[in-house]
Amino acid sequence: FVPRITSTSPTFQISPRHTLFGLSAATSPSSSSLSSSLPDLDLNLAIMKDLETNDYAIVDDFLSPTQIDAVIEDIASLRSDNRFSVAGIGQDKSNTVNSEIRKTETMFIYPKLQFPTNALSFLYPALDRMALTLGSRFQVKMDLALTEALYAYYPNGGFYKKHIDAVPSSASVLREFSFLIYLNKEWSKSDGGCLRLYTNDENHLDVEPTAGKLVIFKSDTLPHEVLETSAERLAVVGWFNREVTPGDISALGGGDLITKLPLLLASAVLIGVGVSML
Ligand SMILES: O=C(O)CCC(=O)C(=O)O
Ligand SMILES: [Fe+2]
């Protein structure tokens with residue numbers, strides 16, 4: 001039995017209708033005054049149900065237009081300050097750039113920046129709440145100190161080949177949920193760049209990275225890839241990690257996790273670590 005999210009959650013007590021994890025999504029003009037005064041549990045519940053049944057969930061209007069603009073501005077200004085670097089992939093000891101697997105530029109936004117930008121000051125609390133909500137729904141103890149996230153900029157021609165985010169025998173096994181928030185206004189089908197979710201052996205689902213959309217999926221079960229994009233493609237990409245258990249340490253023979261944990265706490269080195277090609 002998984003408890004229903006109740007109104008005792010502080011997130012929902014103070015939240016207006018159509019608020020997800022503290023971020024106000026676009027409100028429906030047709031909602032009645034009564035329902036607009038109630039917290040919107042159904043939308044949250046729908047996400048949780050989707051995640052439970054399909055291992056993924058998609059919310060089209062997670063960010064408001066103002067929030068979308070704030071994150072886009074943030075990425076533009078951080079890129080012009082040269083805060084982005086070409087992303088590497090591979091095993092941790094040789095986290096070398098392999099453009100055959102992934103072509104993108106990234107900037108870590110976790111561990112949290114000491115002086116959060118305008119966008120990060122609403123993203124950080126929203127992401128923390130999201131991790132806690134998911135943890136309580138799925139009865140997993142999340143460790144917010146281990147949250148990883150980055151801004152990703154895919155240039156024209158960017159892509160990321162099929163992979164899974166949580167790989168056994170590596171510290172990435174702590175990743176419970178992967179999340180993506182897309183920031184691409186005026187996206188058109190001909191731009192390519194879809195997130196392809198391999199929902200089972202025979203089927204896949206292509207998700208367009210349109211502005212404001214949130215995608216959450218189980219990190220260990222859902223292979224996915226970014227199809228080549230012919231337009232610049234912006235995303236917030238991240239992973240909510242669960243607490244380390246003694247079982248993790250013995251399962252990994254101590255080696256991987258013990259050597260990586262201090263690093264993991266100091267900086268999000270898991271990116272590209274243990275992400276295996278399928
Ligand atoms: O940019 C995306 O849509 C997905 C990125 C991804 O899968 C990853 O960084 O692990
Ligand atoms: Fe991924």
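Seven strands form an open sheet in the order 3-12-9-14-7-6-4, with antiparallel pairing. Strands are DSSP E runs of at least two residues and helices are H or I runs of at least four, numbered from the N terminus; two strands pair if DSSP finds at least two bridges between them. The model is predicted: local features need pLDDT of at least 70, side-chain atom pairs count only at pLDDT 80 or more, and totals for chains, interfaces and linings use all residues. Residues are numbered from 1 along each chain as its sequence is written, while chains are lettered from A and ligands numbered from 1 in the order in which they are written.

- Strand 3 (56-59) and strand 4 (85-86) are the edge strands, each pairing on one side only.
- Seven bridges join strand 9 (residues 175-182) to strand 14 (residues 233-241) in the antiparallel sense.
- Opposite Arg-175 stands Asn-241 of strand 14.

**Helices on the sheet**
- Helix 4 (residues 65-80) packs on the sheet and touches strand 6 (105-108), strand 7 (148-154) and strand 14; its direction makes about 75 degrees with that of strand 7.
- Helix 5 (residues 118-138) also packs there, touching strand 7, strand 9 and strand 14, and its direction makes about 45 degrees with that of strand 14.
- Axes are lines fitted to C-alpha atoms, for helices over the stretch in contact, with angles from 0 to 180 degrees between N-to-C directions.

**Leu-234**
- Leu-234 belongs to strand 14.
- Leu-234 counts as buried because it has 21 C-beta neighbours inside 10 Å (buried: 20 or more other C-beta atoms within 10 Å, with C-beta atoms placed from the backbone).
- Apart from neighbours within four places in sequence, Leu-234 is in contact (C-beta atoms within 7 Å) with Ile-72, Ile-75, Tyr-153, Leu-183 and Asn-184.

Technical notes: Two residues are in contact if their C-beta atoms, placed from the backbone, lie within 7 Å. A residue is buried if 20 or more other C-beta atoms lie within 10 Å of its own, exposed if 12 or fewer, and partly exposed in between; C-beta atoms are placed from the backbone.
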